[in-house]
Amino acid sequence: MAGLATLRVRFWMRWSTRTRLLLITVLPVTAMCLTLVWYSYQSRQNEVRAELAERGLLLARVLADGSEFGLGTGRYQELRQTLEGVAQSDASIYRVAVFDAAHKELLRVDGRAGGQPETRLYEAAVLKRLIWVSMPDLRAAPPAPPGRSVETIGYVRVTMSPTRLLARQENRFYLELLVAVAGLLVCGLLAARMAQGFDASLQASLRALREADAEKRRLIRRVNGAVEEERKSIALEIHDELNATLIAVRLEAQGIAGLARQEQATAETGAQAASPRLALIESKAQSIIKLALGLYNSGRTLVRRLRPEMLDMLGLQGAAEEMVRHYDEAHPSCCFGFVADGDFSKLDGAMAISAYRIIQEALSNIVKHAQASRATVVLALRDGSLHIEVRDNGRGFDPAQKAEGIGIVGMRERVAAFEGCFELHSGSEGSTVEASLPLKGGAALSSPGNAGG
C-alpha cells in the first residue's frame, strides 16, 4: 500500500501546476454534476414506477366494474371488445386478463405496449350486486325489509409495461444530460482561462521562493563557513599564543622551583638552616605549574572543540572515530560504537566539518538527555549521498510535544545548507538522528589534500 501511495504521488507530481489546478477545480464540479444527474435519473425511474402503480390499480378497478354485466351474463365477446378498446387506448397496458371466481382464465387481451412487463400485477374483483325487494301480501304476515347481497363472480388482472413511460423520461433525461455537459464544458473553459493567469502568478511566486530558498542555503553555508573560519582563527590564536604563553609560564615556574631547591640544598650542605621562605617559594612555584598545566589542558580541549585538528589530519572517518572513542572513555555508563562504510578521502571540507558537527551535537544530546546505555554512529557513502545515523536506546521523547532545541535546529540548518534530508525519530525504545547530504557529482568532492581528507 505504501508503494502504491508513493507511485500515485510521483504520478501526480509529474503533472504541471496548471493541470493540477484544473483538476482541483473541475473534478469537484464534475462529481457534483454527475451526482445531480444520477439523482434526476433515479427520481424519474421512481416517478414512472409510482405512476404505473397508480394507473394500473385504477384501470383494474374500472375494468372490474365495467365487466360485471358481460361476465355475469356470459357475453364474453362484447367484454373482449370493451377490453381491447381500453388496451389500445393506453400505451402502458401490457395485458388484461379476466378470470372467473375460481381464478380460471376466461379471456386475455394484449395491449400495444412493447418491451418487458412489470413484475407487479394489479387485480380487482368483479362483484355482482343483487337487490331484493319484497312485495306486500295482505294475507301474510308483515313484509320483510328489502335487502342487498354482493357476490364475487370473477377477477380482472392488469399487467403494465414501463417501456413507453421510461422512453419518454429518458428523452428528457438526455436533454438534461446535454445541458449538464454543456455547463461542464463552459466551466472547464472558464477554469482553464482562470488557471492560466493563476498558474503564471504561482510559477513566478514559486521561482521567487526557490531563489530565496537557494539564497538561504548559500547564506547558511557562508555563515557556517565564516563561523568555522573564525573558530579556526580563534583556535590558532589559543594554540599559538595562549598555550605557548602557558608553556612559558610553566617553564619559568619550574625554573623558580629548581632554584629554590638548589638554595635549600646549598644551605643544608653548608650546615646552615634552610630559610622557610625557600620552601614557600617552591610551594608557590608548584602551584603555578599546576595551574598553568590545567589551563593548558583546558586550552587544548577548547581548541579541539573550536577546530578539531583530527579532522585536518585524519579526515572525517578518523576524526569521527576519535570523537566516538573519546565519548566512550569519558562516559563509562554508555557504550559508544562507530561504523563506517565508504571512502571519505575526497569529501569536501565544508561537508566534512558539517557532518562532524552533526555527529558531535547528536552525541552531546545523548550524553545530556538520553540516559542511554548504548549508542551507535553510522557513517556511510551510498547512492551519491553522505548518510549519517546516530541512534541510542535511551528514554526518548515526544517530538510533537517538546520544542526543538538550538542543537537540533542547528543540525537541520546544516543539512538544509546542502539541500539534504534530516529526520528525527524518538520513542520509548530510544532516538535516532538521520541525515543525508547529497554529493551532487563533484560539488561536494575535493582533492585528497583537502581538509575533509
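I began with Arg55, which is partly exposed at 26% relative accessibility; buried means under 20% relative accessible area, exposed over 50%, and partly exposed in between (1.4 Å probe, protein chains only). The model is predicted, so I note that local features need pLDDT of at least 70 and side-chain atom pairs count only at pLDDT 80 or more, while totals for chains, interfaces and linings use all residues. Residues are numbered from 1 along each chain as its sequence is written, and side-chain values use heavy atoms, with hydrogens and water left out.

I then searched the whole structure and recorded 10 salt bridges, each a side-chain nitrogen of Lys or Arg within 4 Å of a carboxyl oxygen of Asp or Glu.

Helices (H or I, at least four residues) and strands (E, at least two) are DSSP runs, numbered from the N terminus. I found Glu51 partly exposed, at 32% relative accessibility.

Arg55 also forms a salt bridge with Asp90, with the closest N and O atoms 3.3 Å apart. This pair links distant parts of the chain, 35 residues apart: Arg55 is in helix H2, and Asp90 is in the loop between helix H4 (76-89) and strand E1 (93-100). Asp90 counts as buried, at 14% relative accessibility. Through shared partners, salt bridges join Glu51, Arg55 and Asp90 into one network.
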